[in-house]
Amino acid sequence: MRMKRILFGALAAISIGSVSTVAETAVPIPDFSGLWGRNAFDFEPAPGNPKPVDNLVRLPNGAGNASMLVGDYNNALLKPETAAVVKRRGELALSGASVPDPSNQCAPFAPPFTFSMELGVQLLQARDHITFLYNQDDQVRRVWLNRAHPRNVKPTPMGDSVGRYEGDTLVIDTVGIATGPLAMNDRYGTPRSPSAHIIERYRLIDGAAAKEAAERHIRENGPMGLAGAVLVDPNFPGKGLQLKITIEDPEVFTAPWSAVVTYRAQRMS
């Protein structure tokens, strides 16, 4: 797995300048500039939603074992054929075999796998689009603002993503994500079908709430520490960035479901 830190700094001025331009519109948009990070993989449960697929292999302290990925194939969200795929991958992991995924195969991190795997992100906000820069494997996404999906979407590795601002929230709608052997929703290999429809909602949240959510997730999923190449600033007094993902894929899941990813400011030193 290549863990490379993107050199975001040179691009930060572009992001800040673009935000000031678009912020001159009648309704100010939220400013998501800065480097955001976390120190645990996978999704956080969303209040009122079923728990995402998580790790059956736990450490003595109860946290998930980040180096042994055995997905809970008994999760009620999984259709029987989906559960069978997750179970097979877990058995391979337990046997010591290498289990291919977009990260270890240096392939595109399509959503929602992106949010399960990536630990660092920067949003560059411009008038008509937003660029997402992720630290691991130098992944890049572009989201076009205030436009509709094409009538006939041609599947692409990252899918067709369109966004809009709703008050203090950035909403992104993604369809048309190409499939193949590495098409998966999470690190446990839960498959993704051509029917996948992903909604992302980004908003700034209270710093104390972000700290509490991030630290709870670390306790439950296990910390990555320096291996994740992201240093979160524990003393940052400002807001956190929270993403709520809603995933609809009737070929794979028994129902639509949501999860959360909480980011805090990265340490700049």
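The legends below describe close-up views of a predicted model.

Residues are numbered from 1 along each chain as its sequence is written. In this predicted model, local features need a pLDDT of at least 70 and side-chain atom pairs count only at pLDDT 80 or more, while totals for chains, interfaces and linings use all residues, and side-chain values use heavy atoms, with hydrogens and water left out.

**View 1. Confidence along the chain.** The protein has an average pLDDT of 88, and 88% of the residues score at least 70, where pLDDT is the predictor's confidence in each residue, from 0 to 100. Over residues 1-25 the pLDDT is below 50, although this stretch has 49 contacts in the model beyond near neighbours in sequence; a contact means heavy atoms within 4.5 Å. Where pLDDT is low, the predicted coordinates should not be read in detail.

**View 2. The largest nonpolar core and F115.** A nonpolar core is a set of buried Ala, Val, Leu, Ile, Met, Phe, Trp, Tyr and Cys residues joined through side-chain atoms within 4.5 Å, and buried means under 20% relative accessible area, exposed over 50% and partly exposed in between (1.4 Å probe, protein chains only). The largest such core has 33 residues, and F115, L123, F132, L170, Y202 and I245 are those with the most contacts inside it. At least two core residues come from each of several elements, including helix α2 (80-95) and the strands β3 (120-125), β8 (197-205) and β10 (257-265); helices (H or I, at least four residues) and strands (E, at least two) are DSSP runs, numbered from the N terminus. Leaving aside residues up to four places away in sequence, F115 touches, among others, F43, Y134, Y202, I245 and V261.

**View 3. V260 in strand β10.** V260 is found in strand β10 and, at 8% relative accessibility, counts as buried. Although V260 and P47 are 213 residues apart in sequence, their C-alpha atoms are 8.9 Å apart in space. Residues touched by V260, not counting those up to four places away in sequence, include F43, E44, Q242 and L243.

View 4. A salt bridge is a side-chain nitrogen of Lys or Arg within 4 Å of a carboxyl oxygen of Asp or Glu, and a search of the whole structure finds 7 of them. E166 forms one with R164, where the closest N and O atoms are 2.8 Å apart, and another with R201, where the closest N and O atoms are 3.3 Å apart. Because R201 lies in strand β8 and E166 in strand β6, the pair ties together parts that are 35 residues apart in sequence. R164, E166 and R201 are thus linked in a network of salt bridges, and E166 itself is partly exposed, with a relative accessible area of 35%.

View 5. A cis peptide bond, with omega of about 5°, joins P111 and P112, and P112 lies in the loop between α2 and α3 (113-117). D137, in the loop between β4 and β5, has a positive phi of about 60° although it is not a glycine, and D137 is buried, with a relative accessible area of 6%. N146 also is not a glycine, yet has a positive phi of about 55°; N146 is exposed, with a relative accessible area of 64%.
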